[in-house]
Amino acid sequence: MDLNPSAADRAFREEVRSFVHSSLPASIRDKMLNQKKVSREDTVCWHKILYAHGWGAPSWPVEYGGTGWTAMQRLIFDDECALAGAPRLIPFGHNMVAPVIMKFGNQWQKERFLPRILAMDECWCQGYSEPGSGSDLASLTTTAVRVRDAEGDHYLVNGQKTWTTLAHWADWIFCLVRTSKEGKQQAGISFLLINMRTPGVTVRPILNMHDIHHVNEVFLDNVKVPSENLVGEENQGWTYAKYLLGHERSGFAQIGFHKRELQRVKDIARQEMSHGKPLFDDPRFRAKIAQLEIRLQALEIMGLKLIWDQEQGKPPGPDASIVKIFSTDLMQAIGELAVEAAGPYAQPYQPEAQYLDFAGEFAGPPYTSGLAATHFDNHKYTIFAGSNEIQRNIISKMILGL
Amino acid sequence: MDFNFTQEQTLLADSLRRYLAKSYSLPARRQAIAAAGGFSAEHWQAYADMGVLALNVPEAHGGLAAGPGGNPLDTLVVMREFGRGLVVEPLWMSAVVCANVIGLSGSDTQQSALLPALADGSEVFALGALEPGGRYDFNHVATTATASGDGFKLSGRKAVVLHGAQAEHLIVSARVSGKVADATGVALFVVERNAPGLRAFDYATVDGLRAAEITLDGVVVPQSAMLADETHGTAVLERTIQLAGAALCAEALGIVEALTDTTNEYLKTRKQFGVPIGKFQALQHRVADMLVCVEQVRAMAYFAAAKVSLEDGEARRNAIAAARASVAEASRFVGKNAVQLHGGMGVADELIVSHYVKRLTMLNQTFGDYEHHLAQYAEAMTA
Ligand SMILES: Cc1cc2nc3c(=O)[nH]c(=O)nc-3n(C[C@H](O)[C@H](O)[C@H](O)COP(=O)(O)OP(=O)(O)OC[C@H]3O[C@@H](n4cnc5c(N)ncnc54)[C@H](O)[C@@H]3O)c2cc1C
């Protein structure tokens with residue numbers, strides 16, 4: 001066993017760091033580091049910069065235009081990007097639907113979709129959840145009926161998806177749809193790729209806990225989807241869906257992101273005064289930061305192990321559930337500590353200040369203005385991608401055999 | 001020993017609960033927030049008519065209280081309902097916090113000049129006690145009061161003054177002598193919001209209220225504006241903040257009760273895997289734990305109300321610190337899990353759950369957070 005970065009890894013870190021520093025546009029960096037609104041354009045812009053450098057898909061194999069990096073290299077890359085203030089890449093394309101297309105898609109689908117995901121020419125969203133089917137995903141009722149008529153061979157899709165993150169940015173949605181009502185629920189589900197511009201697709205915003213528009217309802221009303229957009233076989237969608245969820249959950253380690261947010265807490269604590277001294281010098285507060293930093297060290301090893309397993313050819317399994325629980329709890333604890341650090345100035349809410357060009361007056365120190373919103377928004381992490389209760393069910397069933 | 005509320009208290013609670021259940025739905029609350037000043041004049045008047053703004057005002061000055069400090073149990077009963085109702089009107093700030101500052105420190109003349117308008121709701125009062133860089137330490141007073149003519153000139157800044165820009169009168173602490181964080185040398189003044197030199201920078205808060213940064217730039221006040229002189233200011237402030245803290249514990253109680261009820265109801269109606277999710281033992285245990293927390297909050301809200309009138313300053317300080325730390329601890333668990341058990345709906349703006357959680361989070365760091373109160377208690381603790 002050797003968990004320490006090699007000389008090559010250290011050199012790689014330097015390479016990534018200097019690349020990110022020289023290529024990340026300052027306006028995007030400033031938004032990320034100051035908790036400002038990041039636009040679709042910002043995210044696409046950064047993705048395209050990475051793509052131009054050959055780094056468009058850090059987790060893909062080389063044959064599809066990926067980097068072929070080792071687990072350690074991927075961790076280093078995420079670290080450096082997050083710490084430098086790079087936006088998170090939208091995961092739905094390159095980290096979710098792409099692995100499914102690579103493994104289960106046909107040649108046409110690989111050629112049609114993967115290069116555009118890699119180049120960020122098309123943005124994706126995930127159409128799994130429905131109003132009546134959240135944790136119990138297999139009960140989903142959006143139907144797809146195959147029709148062969150004069151206009152060709154297609155599916156007619158009807159139903160509603162909900163909580164669809166960034167559907168308002170997306171060009172495509174990958175959907176789980178019901179193609180059969182026979183047998184077990186899981187056995188009647190198919191995996192369909194739907195162009196968001198197809199007539200009958202309507203996106204309606206849902207406001208979250210803090211007035212942020214991230215998620216949407218997506219209505220599908222007699223949407224005609226060419227049958228060539230079916231991935232794999234009809235009624236086999238559940239297998240693909242689970243394969244995808246494994247990838248989604250293993251993307252949850254988010255080490256670099258945690259490091260950046262913990263750094264934010266430290267920066268706040270250095271500036272906030274408590275009894276005439278920086279809060280950072282208060283041993284009690286320091287111990288709280290230390291506790292989270294130590295947990296983060298544990299997470300880093302857990303996350304590395306998960307990617308390393310994948311590198312050895314082991315698909316993500318129930319151990320991704322362990323990382324998801326550990327990581328999302330940590331994420332919430334960090335956000336909570338940031339709010340605590342801000343003290344009375346966590347309370348003001350100035351929505352205008354979410355924009356980088358806000359030139360008005362701040363109620364308190366500018367670094368406090370987005371903390372409460374972020375903390376409230378963080379509640380979602382233990383709910384989506386399979387709630388942490390569902391992860392515990394998976395652990396107790398799949399690992400513990402209970 | 002008696003755990004019963006009086007009949008009057010029960011009746012008051014019932015009528016408030018009925019009123020709020022009927023008139024203060026989430027859409028009505030959104031309307032109140034959107035109204036000028038961030039609260040509803042109509043509801044405010046209704047509270048005044050029910051007498052709840054007068055509970056901390058002595059009878060001699062248009063109120064219903066037998067003496068200064070009111071009856072903490074009356075306040076508890078009302079604040080609990082206001083918690084459940086998720087009310088944004090400035091009852092706590094004006095009718096609890098400021099009524100007590102004035103009642104505890106004002107001369108008869110000052111009280112009769114100020115309190116009747118507070119008690120009938122025609123004027124709103126706000127207290128500016130904390131300052132930038134001072135965190136929760138109300139002794140951290142950099143605002144100065146210097147003698148000027150036969151009055152004073154006030155200069156400085158007060159941080160996150162709830163309803164500061166809507167209040168007709170502001171009560172501020174200002175230093176007459178000593179260094180910034182000294183425990184003495186602080187006096188209290190009433191300042192008119194439209195006084196020359198006073199600027200209120202008004203903004204919304206994450207929990208649906210309004211607050212302001214109050215800047216005093218050589219604001220001239222007469223001698224009669226001084227409520228407490230430099231030998232009494234700190235003691236009055238401390239006592240007021242304790243009364244305010246006890247009231248916040250009661251507000252938290254109303255919220256955690258409502259959150260637990262709502263969550264319990266949701267577990268019975270939301271179905272997944274063909275059954276109400278309340279059938280899952282993991283969730284049953286979680287709400288059971290929430291209920292344990294509710295009882296912790298209730299115990300400590302009662303405890304705070306029982307101890308906030310103690311004459312022994314140290315015992316009182318420890319009791320309130322204990323109550324507030326304990327309430328904050330238990331609230332965190334309830335808030336987090338109320339959201340969690342609602343799944344996606346928990347983080348949606350549409351349901352009241354997220355609004356409760358935002359208020360609960362913020363009230364538990366108003367005038368001191370968990371750590372602040374824990375440290376206060378720990379420092380005074382004997383082996
Ligand atoms: C911000 C956000 C973004 C999202 N983005 C997307 C997206 O892009 N695409 C998409 O398809 N979906 C998305 N989701 C949906 C998400 O996956 C669901 O919210 C999640 O699966 C939970 O489903 P639900 O909200 O219906 O809650 P429910 O399933 O109703 O769960 C309610 C509560 O019951 C618990 N519970 C349910 N079943 C069990 C059980 N068997 N044992 C123990 N406890 C149980 C849950 O853990 C939860 O606490 C998003 C959600 C959020 C909040």
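The following exercises, each with a worked solution, examine a ligand site and a chain interface in a predicted model.

Residues are numbered from 1 along each chain as its sequence is written, while chains are lettered from A and ligands numbered from 1 in the order in which they are written. Because the model is predicted, local features need pLDDT of at least 70 and side-chain atom pairs count only at pLDDT 80 or more, whereas totals for chains, interfaces and linings use all residues; side-chain values use heavy atoms, with hydrogens and water left out.

**Exercise 1. The ligand site**

Determine which residues come nearest to the ligand, and why the site is described as shared between chains.

Solution. Step 1: a residue belongs to the surroundings if one of its heavy atoms lies within 4 Å of the ligand. There are 29 such residues, and A:Ser135, A:Trp163, A:Thr165, A:Ser387 and B:Arg270 come nearest.

Step 1: the site is shared between chains because residues from chains A and B surround the ligand.

Step 2: the shell is sorted by class, with Ala, Val, Leu, Ile, Met, Phe, Trp, Tyr, Cys and Pro as nonpolar, Asp, Glu, Lys and Arg as charged, and the others, Gly among them, as polar. The shell holds 14 nonpolar, 12 polar and three charged residues.

**Exercise 2. The interface between chains A and B**

Describe how many residues are in contact and how many salt bridges are counted between chain B and chain A.

Solution. Step 1: with contact defined as heavy atoms within 4.5 Å, 50 residues of chain B touch 48 residues of chain A.

Step 1: the two chains bury about 3,900 Å² between them, 56% of it on carbon and sulfur atoms; buried area is the accessible area (1.4 Å probe) lost on being put together, summed over both parts. In chain B, B:Arg135, B:Gln340 and B:Val347 lose the most area to chain A, together 18% of what that side buries.

Step 2: six salt bridges (a side-chain nitrogen of Lys or Arg within 4 Å of a carboxyl oxygen of Asp or Glu) are counted between the chains. One of them joins B:Glu371 to A:Arg284, with the closest N and O atoms 2.5 Å apart.
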